[in-house]
Amino acid sequence: MTATLECQRTIQEEIAAVHSYVRAQHPAVERVAAALYDPATDLLKTFAESTDGGSPFAHYQTGLSATPSLRLLAESGRPRVVEDLLTLSDSPQEHTRLLIEKGYRSSYTIPLYDGGQLFGFLFFNSRQAGYFRPLTVQHLDIFARLLCLTMVQGFAQARVLESTLRMAVRLTHYRDPESKGHLERMAQCARLIARALAPVNDLSDEFVESVLRFAPMHDIGKIGIPDRILLKDGPLTPAEFEVMQSHVLKGVEIVDDFLAEMDGGGIGQRDLLRNVVLFHHEAIDGSGYPHGCRGSDIPLEGRIVMVADVFDALTSQRPYKAAWSVEDALRYMTARAGVQFDAECMAALAAHAKEAADLLARFTDPADVEQSHEGYSLDL
C-alpha cells in the first residue's frame, strides 16, 4: 500500500486493520480501542475502536483526574494488565462496569505520548480472564507501537495543516470584531451537538472529534474580505453583503489549496473539513448561501456548525450588542427550527442547555460577558 493511501485512512480504519492482524494470531483479543486525552478540558474521550460483538460504549467521556487508575498509568508511563476485571466490579467507574457487562474479563492498557505529553490510551480486551500473559503482551506491544506511531504521525501531519489554517483564522479574527473566545466556544458547542446526535445518526467518535477540530475554521475565507467591508461600522449594502458572502467560497479555495499542497494533510474526515467551510451559512429552507441548499442536502456537519456559530454569536458580548442569555438565544433559535436551523440540531442543543451554558462560561472571559438583552438582527 502506498504512503498516500495510508495517509488517507482514518484512525478507525487503522485500528480495524491492526485488529484483524492481531486476531489472526490472538483470536481472544476481541477489542482494540483508542481514547484521546484533551488537556484543555481534562477529558478522556473514546475515539476509535474495533470490536467483536458490539461496542461496550461509544461517545463516552470522563475526566482523567476523576479516573485514578488511568491517571496513575499516565503519570507512570507504564502499561497495565488486569487479569480479571471482575475484581474491579465494585469500581465506581462507568467504563469498567460497561466492559464487564459486555463480557470482557481481562485488559491490557497502554498510555500514549507525543513529545512527552499524554495524548491518549490504547486498550486491548479479551473475554478470557488472564489472557494477557507476558509472551502475549510482548507480541501485542509490536502492534501497539505501530498504532501509536501511526496515530502520532497522523495527528502530527494533521496538526501542521490545522495550525496553518488556524493561523489564517486568527489573522481574520484580529481584524474581525468577534469576541476572542468565539472559536473555542462555538467548537465546543458544535461537539456537544454532534455528540448528542451521534447515537441516533450512527456517528463515530472520530466524526464527533473532527467536528470539534474543524469547526473553528468555518470562517477562514474572511481573510480575503476587504477591511472596508469586514470592519464596516453599520449595515452592509446589498453589494457589500454579496462580497461578504464570498468568504465561503474563498474559504473552500483556501482549504482545497492546503489539502492539495499537503496531499490531504494525513488527516481523516477531510470532506468534513470542507463541508464545515462550505455549508455553515446554508439554511434549512434554502434561504442561505452560497448555493441555497435545503434540508438534508446540507451535510450534517454544516447544519451543526451553523447552529453552534449562531448560538455563540447570540450569547456573546460584541461591540454592537450585549450578550443574550442562553434561554433567550434558545427561544429565538427554536422558533426558527426547521426554517433557518436544523430542527434535530436545535433539539439536541436545547436538551443540553445546561452543558452549553457551562461551556460558554468555561471558555469566556467574565469581563466580556454582559447578560442584558438588546435586539439583534441575524443576517445570513
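Mentor: Start with the largest cavity. Its lining consists of Lys45, Thr46, His59, Tyr60, Arg191, Arg195, Asp205, Val208 and Glu209. Bear in mind that this is a predicted model.

Trainee: Which elements give two or more residues to that lining?

Mentor: Strand 2 (43-51), helix 6 (182-201) and helix 7 (205-214) do. Helix 7 gives the most, with 3 residues.

Trainee: What makes this space a cavity rather than a pocket?

Mentor: A cavity is a set of points where a 1.4 Å probe fits but cannot get out, while a pocket is an open set. By this rule there is 1 cavity of 30 Å³ or more. The largest cavity holds about 30 Å³ of space.

Trainee: How many residues of its lining are nonpolar, polar and charged?

Mentor: The lining has 2 nonpolar, 2 polar and 5 charged residues. Tyr counts as nonpolar in this scheme.

Trainee: On to the strands. What is the order of the strands in the sheet?

Mentor: The order is 3-2-1-6-5-4, with 6 strands in an open sheet and antiparallel pairing. The protein as a whole has 15 helices and 6 strands.

Trainee: Why are strand 3 and strand 4 said to stand at the edges?

Mentor: Strand 3 (61-63) and strand 4 each have a single partner strand, so one side of each is left without a neighbour in the sheet. Neighbouring strands are turned by 25 degrees against each other on average, direction ignored.

Trainee: How do you know that strand 4 and strand 5 pair?

Mentor: Pairing needs at least two bridges. Strand 4 (residues 80-82) and strand 5 have 3 bridges, in the antiparallel sense, so by that cut-off they pair. Arg80 stands opposite Thr109 in strand 5. Val82 has Ser107 of strand 5 as its bridge partner.

Trainee: And what joins strand 5 to strand 6?

Mentor: 9 bridges join strand 5 to strand 6 (residues 117-126), and the two run antiparallel. Strand 5 and strand 6 form a hairpin with 2 residues between them. Gly115 in the turn has a positive phi of about 65 degrees.

Trainee: What makes strand 5 mostly covered?

Mentor: Count its residues. Strand 5 (residues 106-114) has 9 residues, and 7 of them are buried. Across the protein, buried residues make up 53% of the 380 residues.

Trainee: Why is Val22 called buried?

Mentor: Buried means under 20% relative accessible area. Val22 has a relative accessible area of 0%, so Val22 is buried. Val22 lies in helix 2 (residues 11-25).

Trainee: Which residues does Val22 touch, not counting those up to four places away in sequence?

Mentor: Val22 touches Val29, Leu140 and Phe143. A contact here means heavy atoms within 4.5 Å. Another distance concerns Val32, 10 residues from Val22 along the chain: their C-alpha atoms are separated by 9.2 Å.

Trainee: What share of the protein's contacts with a separation of 6 or more comes from residues 24 or more positions apart?

Mentor: Such residues account for 66% of those contacts.

Note on methods
Residues numbered from 1 in each chain as written. Predicted model: local features only at pLDDT ≥ 70, side-chain atom pairs only at ≥ 80, totals over all residues. Heavy atoms only, no water. Buried < 20%, exposed > 50% of the residue type's maximum accessible area, 1.4 Å probe, protein only. Helix = DSSP H or I, 4+ residues; strand = E, 2+ residues; numbered from the N terminus. 1 Å grid on protein atoms, 1.4 Å probe; cavity = no way out; pocket = protein on both sides within 12 Å on 5 of 7 lines; lining within 4 Å. Points joined across faces, edges and corners; volume = space filled by probe spheres on them. Axes fitted to C-alpha atoms, helices over the stretch in contact; angles between N-to-C directions.
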